[in-house]
Amino acid sequence: MLKKRVFHEFRRHNRSSRWNADAHLRAHERSANVEDEAIMRVDTCQLAANNPIEDFYSAAKCLSSRAFLFGVFDGHGGQQCSRHISTNLYPYVCASVLKKHEIADYPPDQRLEWLFSSSDGHLPNTFKSRETRNISLYHSDFKKNANAYTGTVREALKLAFETCDRDLGENALPNAKGVIDRHAAMIAASGSCCTLAHIRSRHLHVANLGDAAAVLGVVNPNGSVTARQLSRAHCVDNADEVHRIRIAHPASESQTVLRGGRLLGELFPLRAFGDVRYKWPLDLQKVVLEPLGHPPPQHLFTPPYLSTSPEVFYHKLTPNDRFLVLATDGLWEWLDPDTVVRLVHDHTLGTITQQPYVPKSGTTLRQVREQLKERAKGEQKAKKPIDENCATHIIRHALGGVSGGATKQYERLIDILQVPPGRARNYRDDITVIVIHFNDSFLDGHEDDEE
């Protein structure tokens with residue numbers, strides 16, 4: 001009798017632990033059925049390690065060009081910069097729509113339709129009005145100098161990133177009366193990596209700063225899935241980045257510009273928003289940053305050392321491109337891109353096999369056959385996933401592992417989730433994942449202009 005009671009108590013405790021782990025994982029997940037041109041559905045999930053979390057994400061649609069914008073923003077040195085960029089970068093992108101892609105000419109402050117954001121976007125009124133003015137000035141300059149640009153989305157994205165960061169830094173400077181806006185200075189002193197996907201019809205651009213990443217899931221004719229990376233990490237593991245920084249500074253700094261795998265011995269990402277400690281001259285830092293407790297880094301001789309010019313990759317979407325994963329480096333510390341795309345692919349197969357098959361209006365017979373084949377594969381190799389949200393599914397397997405069965409996976413997951421935010425940063429980073437599922441019917445049947 002005692003053994004039976006102990007067994008039942010163990011099972012009850014086990015069920016409770018699993019329920020708590022599931023609730024913890026799903027606390028900050030969301031899904032959105034977009035069903036607009038190339039975008040079918042978007043899944044997001046976020047798990048904090050810092051307290052407060054320094055990761056943010058957001059999604060919006062540019063009404064002027066009908067381009068979708070999805071971004072993950074990985075902060076460091078505080079959450080201020082990443083939070084600011086997650087809500088303030090997109091207006092710059094929408095203000096620099098190329099004339100050939102402009103469907104409607106909206107005012108700069110009315111060009112965005114927000115889909116979702118992990119930030120509430122709250123800013124003091126005086127600061128918000130300053131941002132609106134900056135966007136209007138930028139839009140006006142862009143239109144005046146449109147002929148000076150090469151006319152590509154790549155150049156427009158670079159200009160938007162650089163101008164957004166320039167304005168961010170200028171907001172932190174003393175005003176005419178010598179007064180410093182403390183909020184603006186804290187934004188400029190902290191930093192943020194960024195990976196942004198710009199999707200217009202079948203045209204995909206990924207603009208990247210730092211060590212977050214974008215990975216495309218491509219289905220092969222045999223049904224397998226391949227990961228195609230659309231970004232490169234900007235850190236010392238990237239030989240091109242190391243060369244770029246070294247040639248930008250005198251040979252006398254060869255031993256100090258990169259030390260211990262970090263910029264000036266401190267900063268791991270080699271491109272980022274904010275982080276004006278690595279951009280401003282010493283005398284300006286002494287006026288603005290030192291009084292706020294931010295001393296300049298050692299060996300600051302020839303700033304700027306940190307770039308805000310993104311690396312931009314272009315890809316024209318095909319019917320074989322099924323989804324795009326954007327994630328901060330907290331995910332890639334646990335899983336490689338090939339494993340991530342397999343997890344998404346298997347999750348999709350396991351989900352669709354639980355639903356009645358009803359072909360959409362206009363579906364061709366060939367598409368019906370292909371979709372039925374996909375369902376058959378799913379029935380053979382995938383059970384219904386524990387999580388409906390694909391991004392949550394990825395984080396579950398990042399922390400719980402991809403082997404050992406459900407019991408072992410839950411043991412690992414429960415163990416790591418028991419560490420509270422703040423202390424958890426000793427074991428892992430904040431994790432943010434966005435999975436963008438593409439509409440294969442649109443990609444299969446739609447042709448448009450070349451980029």
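Predicted model: local features only at pLDDT ≥ 70, side-chain atom pairs only at ≥ 80, totals over all residues.
**View 1. Helices H2 and H4 pack against each other.** Helix H2 covers residues 80-95, and helix H4 covers residues 153-171. Their axes lie 9 Å apart. The angle between them is about 130°. The crossing of H2 past H4 is right-handed. From H2, the contact uses Cys-81, His-84, Ile-85, Asn-88, Leu-89, Tyr-92 and Val-93. From H4, Leu-157, Ala-160, Phe-161, Thr-163, Cys-164, Asp-167 and Leu-168 take part. Of the residues in this contact between H2 and H4, 10 are nonpolar, three are polar and one is charged.

**View 2. Strands E8 and E9 form a hairpin.** Strand E8 spans residues 213-219, and strand E9 spans residues 225-229. The two strands run antiparallel. Five bridges join them. Leu-216 stands opposite Arg-228 of E9. Five residues separate E8 from E9. In the turn, Gly-223 has a positive phi of about 95°.

**View 3. Asn-238 sits in the loop between strand E9 and helix H6.** Helix H6 comprises residues 239-247. Asn-238 has a relative accessible area of 8%. Asn-238 therefore counts as buried, the cut-off being under 20%. Leaving aside residues up to four places away in sequence, Asn-238 touches Arg-232 and Ala-233.

Methods
Residues numbered from 1 in each chain as written. Heavy atoms only, no water. Helix = DSSP H or I, 4+ residues; strand = E, 2+ residues; numbered from the N terminus. Buried < 20%, exposed > 50% of the residue type's maximum accessible area, 1.4 Å probe, protein only. Contact = heavy atoms within 4.5 Å. Pairing = 2+ DSSP bridges. Axes fitted to C-alpha atoms, helices over the stretch in contact; angles between N-to-C directions. Left-handed = near helix turned anticlockwise from the far one by under 90°. Nonpolar A, V, L, I, M, F, W, Y, C, P; charged D, E, K, R; others polar.
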